[in-house]
Structures are given as C-alpha cells and as structure tokens.
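This briefing is meant for a reader who is meeting the structure for the first time. Please look over the sequence and the 3D view before turning to the points below.

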Amino acid sequence: GHLRYKGANLMAIREVTPEDLNKPGYLVEMVALGKLVHESSAYKHLPFDPGVLALQLEGCVLDDEGLVVAAERNGKLIGGLVADIVPFFYSQAKEAIESIIFIHPDYSHTLDGPKLISAYVKWAKANNCAHISLGHSAGFEKGHKLGEYLIRRHGFKEAGVLYRIENEVA
C-alpha cells in the first residue's frame, strides 16, 4: 500500500513482482542499491558481483518461497528486504529467513525499515512458517534500537549468536 508523509513525500512498501523486473532499469536500480548495502555490510571484504546479485534477486522474486519487498519514496527505490522460506532438516515445518534488510542512510530516521519488517512478518505468517528469523550480521549491542524494536513490536526473541571464519579464497 501507499502511505503519504509530510511534504507529500509518497512512500510505498510493496512486494517486488515479475512485472517490476521487466520495467527498464528496475533491476539495475536494485543492484545499485545492493552495491551500497555491500559496501556498508559485514561482507564488504568479499568481491561484489552485480551479475550474481541480479540473478539472486530475480530468482527470489520468481520463487513462490521467496520474497523481495521494496521501500520506495516518490517512485525511487530507497530500501528493501529479501527473504526465503526453507524447510527444517527434521520436520515438515517451514522457517522464514531474512537475508538482507537495508534502508538508504538518508531515510534511516523514517518508519520504512520497521514497515519492511512488518511486511516480512505478515508474509511469513501467511505462509505458515513455524519460525520467523531476522538477523544482523554485525550483531546487536545492548540497547540497539532495531533489536529493541524487534522484541517489543513483533515478539522476536534472541535465538543465538552467529560466529564466522573469514577464509581467504582464490
């Protein structure tokens, strides 16, 4: 849906569709935003490949068990969320896993990020996911606003810690 904020700044949070992928420049705009995400992420040490990202985004949009949600301001893409539904190894139950959530720094003070999360949670519940996961690869410090929001607004619980080895690859 569309919401109107002060200054007639038209804002929309919506699922990206296969029709969007056919719009000239839309996927290029998504990949450009992805490059910005990469540069500020915990994965910036890895080489960025725009072709790989384009294929991943296309695949997620076209997959019934994938979700790409866009945050737009006046028709311009300023953020998004990417998620998938995966089976558990030991159950027929399903889990929703968010891969990326990002809002352009110019809009970090808005409600666009929380609205992306709400759209994701609603989608995961509608798809009967037994677990709905959302992470932050840089971790949450005590008192981090997003962590507090996830707990207070949606009932998320901390579910562990992620450890990683950064291995040099050729």
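This is a predicted model: local features need pLDDT of at least 70, side-chain atom pairs count only at pLDDT 80 or more; totals for chains, interfaces and linings use all residues.

Just after α4, N128 takes a positive phi of about 55°.

**Helix α4 and what follows**
- Helix α4 covers residues 112-126, which makes 15 residues, and the distance from its first C-alpha to its last is 21 Å, close to the 21 Å expected at 1.5 Å a residue.
- Several residues of α4 are buried, among them L116, I117, Y120 and W123, and the buried residues also include D112 and G113.

**Aromatic rings**
- Two aromatic pairs are found when the whole structure is searched.
- One of them joins F88 and Y90 in a tilted arrangement, with 5.6 Å from centre to centre and 35° between the planes.
- F88 counts as buried because its relative accessibility is 14%, which falls under the 20% cut-off, whereas Y90 is exposed because its relative accessible area is 66%, which is over 50%.
- The ring of Y26 has the charged end of K23 sitting over it, at 5.8 Å from the ring centre.

**The loop between α2 and α3**
- S41 belongs to the loop that lies between α2 (26-39) and α3 (50-62), and S41 is buried because its relative accessible area is 17%, under the 20% cut-off.
- A polar atom of the S41 side chain lies 2.9 Å from the backbone nitrogen of Y43.

Notes: Residues are numbered from 1 along each chain as its sequence is written. Side-chain values use heavy atoms; hydrogens and water are left out. Helices (H or I, at least four residues) and strands (E, at least two) are DSSP runs, numbered from the N terminus. The expected span of a helix is 1.5 Å times one less than its number of residues. Buried means under 20% relative accessible area, exposed over 50%, partly exposed in between (1.4 Å probe, protein chains only). Rings of Phe, Tyr and Trp (its six-membered ring) pair if their centres lie within 6.5 Å; planes under 30 degrees apart count as stacked, over 60 as edge-to-face and the rest as tilted. A charge sits over a ring if NZ of Lys or CZ of Arg is within 6 Å of the ring centre and within 35 degrees of the ring normal. A polar contact is a pair of N or O atoms within 3.5 Å; within protein, one must be able to donate a hydrogen and the other to accept it, and residues adjacent in sequence count only if both atoms are side-chain atoms.
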